[in-house]
Amino acid sequence: MSDVWGRVDEYIVETLVDEDAALSVALSANAAAGLRPIDVSAAQGKFLHLLVRMSGARRVLEVGTLGAYSTIWMAKALPDGGKVVTLEYDPHHARVARQNIERAGLSSVIEVRVGAAAETLPILAAESQEPFDFVFIDADKPNNTTYLDWAIRLGRPGTVIVLDNVVRNGQLVDAASTDPNVKGSRGAFELIAASPRLSATALQTVGAKGYDGFAVMILD
Ligand code: SAH
Ligand code: DHB
Ligand code: MG
């Protein structure tokens, strides 16, 4: 990481980002439990929080929980009665996430479902709950297109969808890449471009988590 990116991110977080104790304690608990530090950064978590507030979302779907750091940021943006459903493959991650959620006092707001998202998404859809207003996709990148398809099916006109880690140190523009994660980014871009219901852009990000980016879209 460029040193200046890190220092600017620190300044942003110090001055503007009110990361509360539940979030910093979650990061410590993740480290103690051996989870890799691949959560969104604090500045990015606050960005997700703001997007949830700006969109007026009440129901949030997340694919890829890890220790629930991003989950807690989003849950804290919800009005009373709001809900986050977050999907996680790894039972150990889910266990750590549930402890972090409990400590944050958010067990009644956040539901963690364990299993491969490609299997838990159809189950969720079959329950025919209300549509999701906001979807954050941040799991296994080769399945990005599967998750985008489900986000469209589980959303409604106006649903906001954010897809993490699309720029991948700039490898996004390598059309010849054989890296499954890069192919996952490019496949997602192709699906978005071909979907008349999705209006999108992507933003490159630098900072505490290196050089990457989000795709942000709205469902029409
Ligand atoms: N959103 C988190 C980070 C998620 S890291 C945050 O910013 O705090 C990606 C997570 O996706 C990991 O916990 C990984 O176990 C999970 N994952 C990987 N493959 C998955 C799958 N097929 N279904 C659901 N989750 C998956
Ligand atoms: C990885 C996954 C992420 O979601 C992320 O934000 C950074 C890294 C990874 O699997 O390495
Ligand atoms: Mg990510």
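Me: Which side-chain atom lies 2.6 Å from an oxygen atom of ligand 2, and how should I read such a pair?

Reply: In general, a polar contact is a pair of N or O atoms within 3.5 Å; within protein, one must be able to donate a hydrogen and the other to accept it, and residues adjacent in sequence count only if both atoms are side-chain atoms. In this predicted model, an N or O atom in the side chain of Asp 138 is 2.6 Å from an oxygen atom of ligand 2, a polar side-chain atom of Lys 141 is 3.1 Å from an oxygen atom of the ligand, and a polar backbone atom of Ile 38 is 3.3 Å from one. The protein buries 67% of the 290 Å² that ligand 2 exposes when taken alone, with areas from the Shrake-Rupley method and a 1.4 Å probe, where for residues only the protein chains shown count as cover.

Me: What conventions lie behind these numbers?

Reply: Residues are numbered from 1 along each chain as its sequence is written, while chains are lettered from A and ligands numbered from 1 in the order in which they are written. Because the model is predicted, local features need pLDDT of at least 70 and side-chain atom pairs count only at pLDDT 80 or more, whereas totals for chains, interfaces and linings use all residues, and side-chain values use heavy atoms, with hydrogens and water left out.

Me: Which residues are closest to ligand 1, and how many surround it?

Reply: A residue is near a molecule if one of its heavy atoms lies within 4 Å of it. Ligand 1 is surrounded by 22 residues, the closest being Val 40, Ser 70, Glu 88, His 93 and Asp 138. An oxygen atom of ligand 1 is 2.8 Å from a polar side-chain atom of His 93, and a nitrogen atom of the ligand is 2.9 Å from a polar backbone atom of Ala 117. A nitrogen atom of ligand 1 also lies 3.3 Å from a polar side-chain atom of Tyr 147.

Me: Why does Asp 140 count as partly exposed, and which side chains does it contact?

Reply: Buried means under 20% relative accessible area, exposed over 50%, and partly exposed in between (1.4 Å probe, protein chains only). Asp 140 has 35% relative accessibility, so Asp 140 counts as partly exposed. The side chain of Asp 140 makes a polar contact of 2.6 Å with the side chain of Asn 143, and another of 2.6 Å joins the side chains of Asp 140 and Tyr 147.
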